[in-house]
Amino acid sequence: MFYQNVQTPVYILEEDKLRKNCEILAKVGEKSGAKVLLALKGFAFSGAMKIVAQYLEGSTCSGLWEAKFAKEYMDKEIHTYSPAFKEDEIEQIANLSHHIVFNSLNQFYKFKDKTQENSIGLRCNLEFSIAPKELYNPCGKYSRLGIRAKDLENADLSCVKGLHFHALCEESAQSLEQVLKVFELKFGKWIKQMQWVNFGGGHHITKKGYDVEKLIALCQNFSDKYGVQVYLEPGEAVGWQTGNLVASVIDIIENEKQIAILDTSSEAHMPDTIIMPYMSEVLNARNLTTRDNEKISELKDNEFAYLLTGNTCLAGDVMGEYAFSKKLQIGDKIVFLDQIHYTIVKNTTFNGVKLPNLMLLNTKNELQMIREFSYKDYALRN
């Protein structure tokens, strides 16, 4: 197995798996007429952008740096939305972007003259969302994200070309159907004035069991009904199950349990295993507990239990307890599965821990180094 010979920590993206995801997304676009964009906030693997560009229409960005990244590495349609654009960045963003979506009427009125050459959109707050926890609810109480329908009543939208909403997180086509009903109910009076509507992200399109045909029908029917171009902007669905994080065991200690210390960190390198309600699966191992040591499975005969932990001083830098078929040794490789989306984009150098290198396993089964990080990457950001 190629994992045994790589320098760790390292993320390894598998091109075959990425292409399979992109083929599904391209099919959605072709059959529905919707334009599918890559949301860089969830997947921004520089070495794979040219691959994604072969299938998708462009990318959605959250500000100046992502727009620059999109131009440099993908160079297709660029749609930029930010909760608040800065005065000293808006002209650069306008020059890079095709669509600009404003989060508030204040920002719209302030910058509409500087973005006349762009297709201007407004983000809508549906005051309704389907998300696994409040941290990921963009339409919850006191949300700063988007404009409520009642606040558009007296607004001059004559130069607005589109509406954007985002109300899902790792959700199904059935969930989108519910959201669309609310969107039409609250914002229907403005939709027919528009040229496009962006259904946002959070669509788990490439997850096994997702009803792709239903999504296609929803997009097509909406477009036909209102005469608008529909956009989708998946991020996680692009990188879903396309690669892993490989780490090494650097020490094993005992404190009532066998504890393996790895050269990676849940805090710095797998943040969603801390803030989202799940933990990573590990190659050739079974989950025995949650990160908080709540038992979810019993140890079987001829199995060996290890608490996998990170190499930072954070007491809670723990991945969970796992069962292995043989005893771990110092130097063994541990492979955390599905660690490409929402990981690289959120990495930190907390505690001076090395950023994992980025590698691509191409279709010839060859490993290519995409990005090798060093001390300078830590020093330059401190």
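Where is the place of Glu77? In this predicted model, Glu77 sits in strand 4, which covers residues 77-81. Buried means under 20% relative accessible area, so Glu77, at 16% relative accessibility, counts as buried. Its side chain makes a polar contact of 2.7 Å with the side chain of His79. Leaving aside residues up to four places away in sequence, Glu77 touches Lys35, Glu57, Gly58, Ser59, His98 and Tyr231.

Strand 6 runs parallel to strand 5 (residues 99-102), and 4 bridges join the two.

Now for a pair of helices. Two packed helices are described by the angle between their axes and the distance between the axes. Helix 6 (residues 173-191) packs with helix 7 (residues 212-226) at an angle of about 10 degrees, and their axes are 11 Å apart. Angles under 35 degrees count as roughly parallel, so helix 6 is roughly parallel to helix 7. On the helix 6 side, the residues that meet helix 7 include Leu176, Leu180, Phe183 and Ile191. Among their partners in helix 7 are Leu215, Leu218, Phe222 and Tyr226. By class, this contact has 9 nonpolar, 1 polar and 4 charged residues.

How values were computed. Residues are numbered from 1 along each chain as its sequence is written. This is a predicted model: local features need pLDDT of at least 70, side-chain atom pairs count only at pLDDT 80 or more; totals for chains, interfaces and linings use all residues. Side-chain values use heavy atoms; hydrogens and water are left out. Axes are lines fitted to C-alpha atoms, for helices over the stretch in contact, and angles run from 0 to 180 degrees between N-to-C directions. Angles under 35 degrees count as roughly parallel, over 145 as roughly antiparallel, 65 to 115 as roughly perpendicular and the rest as oblique. Contact means heavy atoms within 4.5 Å. Ala, Val, Leu, Ile, Met, Phe, Trp, Tyr, Cys and Pro count as nonpolar, Asp, Glu, Lys and Arg as charged, and the others, Gly among them, as polar. Buried means under 20% relative accessible area, exposed over 50%, partly exposed in between (1.4 Å probe, protein chains only). A polar contact is a pair of N or O atoms within 3.5 Å; within protein, one must be able to donate a hydrogen and the other to accept it, and residues adjacent in sequence count only if both atoms are side-chain atoms. Two strands pair if DSSP finds at least two bridges between them.
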